[in-house]
Amino acid sequence: MAKKSVGDLTAADLKGKKVFVKADLNVPLDDNQNITDDTRIRAAVPTIKHLISNGAKVILSSHLVVKADDCIGPEVEKLVSSLPEGSVLLLENVRFYKEEEKNKPEFAKTLASLADIYVNDAFGTAHRAHASTEGVAKFLKPSVAGFLLQKELDYLVGAVSNPKRPFAAIVGGSKVPSKIGVIESLLEKCDILLLGGGMIFTFYTAQSLSVGSSLVEEDKLDLATSFVEKAKAKGVSLL
């Protein structure tokens, strides 16, 4: 399915419009709170530059012009209303609100009320049905992918639909349920599937291996066993 990206939006679409941008700005810090790797911040720049060069007012969630102390509320609304064209407002981390991860419609609607257009450029969190990811998209049109998200999608589609073989994939994560769809899909396409992160202990336990005091999702042991059996039946090396 063709997906719209921010590159499809022109000055006619953006001039004077308030754009809510979801960005993944998590960065590593040293003991003195200095950023040791600003890759994710720099990766967000092309989308922001495109928006402001076309006269949009950018409201960034998650070097910038104005920093808000919150992501909703009267003070934020006041800052948004006073934004000149081609400027950027950085909101406070939306995950400080429990309503974000619970994808509460009212919280998503409040976030969406700040803007006219939604741009998701946070690939690292795009799989989560959170308020600032899935929720706001229900209230803002158009809702499009940022350049970083589009780049990752284009790469993944090409890598998975026409892979060079042997095709190996690595899936990490702490819990099995959030990776079920990914594992099922990759078992149909991969020659080698490597699992990492905390979820491996559930797979180890399903194969009667000792895991000490490591966390095991007991209710997912049958599922893990079925994945192991499916991999064996398909000739996929599951490591």
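This is a predicted model: local features need pLDDT of at least 70, side-chain atom pairs count only at pLDDT 80 or more; totals for chains, interfaces and linings use all residues.
Visitor: How many helices and strands does the protein have, and what makes a stretch count as one?

Guide: There are ten helices and nine strands. The C-alpha atoms fill a box of roughly 60 × 40 × 35 Å along the principal axes.

Visitor: What share of the residues is buried, and what does the word mean?

Guide: Of the 239 residues, 38% are buried. Buried means under 20% relative accessible area, exposed means over 50%, and partly exposed is in between, with a 1.4 Å probe and protein chains only.

Visitor: Why is H130 called buried?

Guide: H130 has a relative accessible area of 11%, which is under 20%, so H130 is buried. H130 sits in the loop between β5 (117-120) and α6 (131-135). Leaving aside neighbours within four places in sequence, H130 is in contact (heavy atoms within 4.5 Å) with E100, E101, N103 and G135.

Visitor: N103 is among those contacts. What is said of its phi, and why is N103 called buried?

Guide: N103 has a positive phi of about 55° although it is not a glycine. Its relative accessible area is 17%, under the 20% limit, so N103 counts as buried. N103 lies in the loop between α4 (98-101) and α5 (105-112).

Visitor: S208 has a positive phi as well, of about 60°, and is not a glycine. Is S208 buried or exposed, and how do you know?

Guide: S208 has 70% relative accessibility, which is over 50%, so S208 is exposed. S208 is found in the loop between α9 and α10.

Visitor: Which residues of helix α8 are buried, and how do you know where around the axis they sit?

Guide: In α8 (residues 180-187), I183, L186 and L187 are buried. They cover an arc of only 100° around the axis, which puts them on the same side of α8; the arc is that of the directions from the helix axis to the C-beta atoms. The buried residues of α8 pack against β7 (168-171), β8 (192-195), α9 (200-206) and α10 (221-234).

Visitor: What makes D191 and R165 a salt bridge?

Guide: A salt bridge is a side-chain nitrogen of Lys or Arg within 4 Å of a carboxyl oxygen of Asp or Glu. The N to O distance for D191 and R165 is 2.9 Å, which is within 4 Å, so the pair qualifies. The pair links distant parts of the chain, 26 residues apart: D191 is in the loop between α8 and β8, and R165 is in the loop between α7 (147-161) and β7. The structure holds twelve salt bridges.

Visitor: Why is K230 with E188 a salt bridge, and what does the pair tie together?

Guide: Their side chains meet at 3.3 Å, N to O, which is within 4 Å, so the pair is a salt bridge. K230 lies in helix α10 and E188 in the loop between α8 and β8, so the pair ties together parts that are 42 residues apart in sequence. Salt bridges that share partners join E188, K230 and K234 into one network.

Visitor: What makes the peptide bond from K141 to P142 cis?

Guide: The bond is cis with omega near 0°, and P142 is in the loop between α6 and β6 (143-145). A cis peptide bond also joins R165 and P166, where omega is about 5°. P166 lies in the loop between α7 and β7.

Methods. Residues are numbered from 1 along each chain as its sequence is written. Side-chain values use heavy atoms; hydrogens and water are left out. Helices (H or I, at least four residues) and strands (E, at least two) are DSSP runs, numbered from the N terminus.
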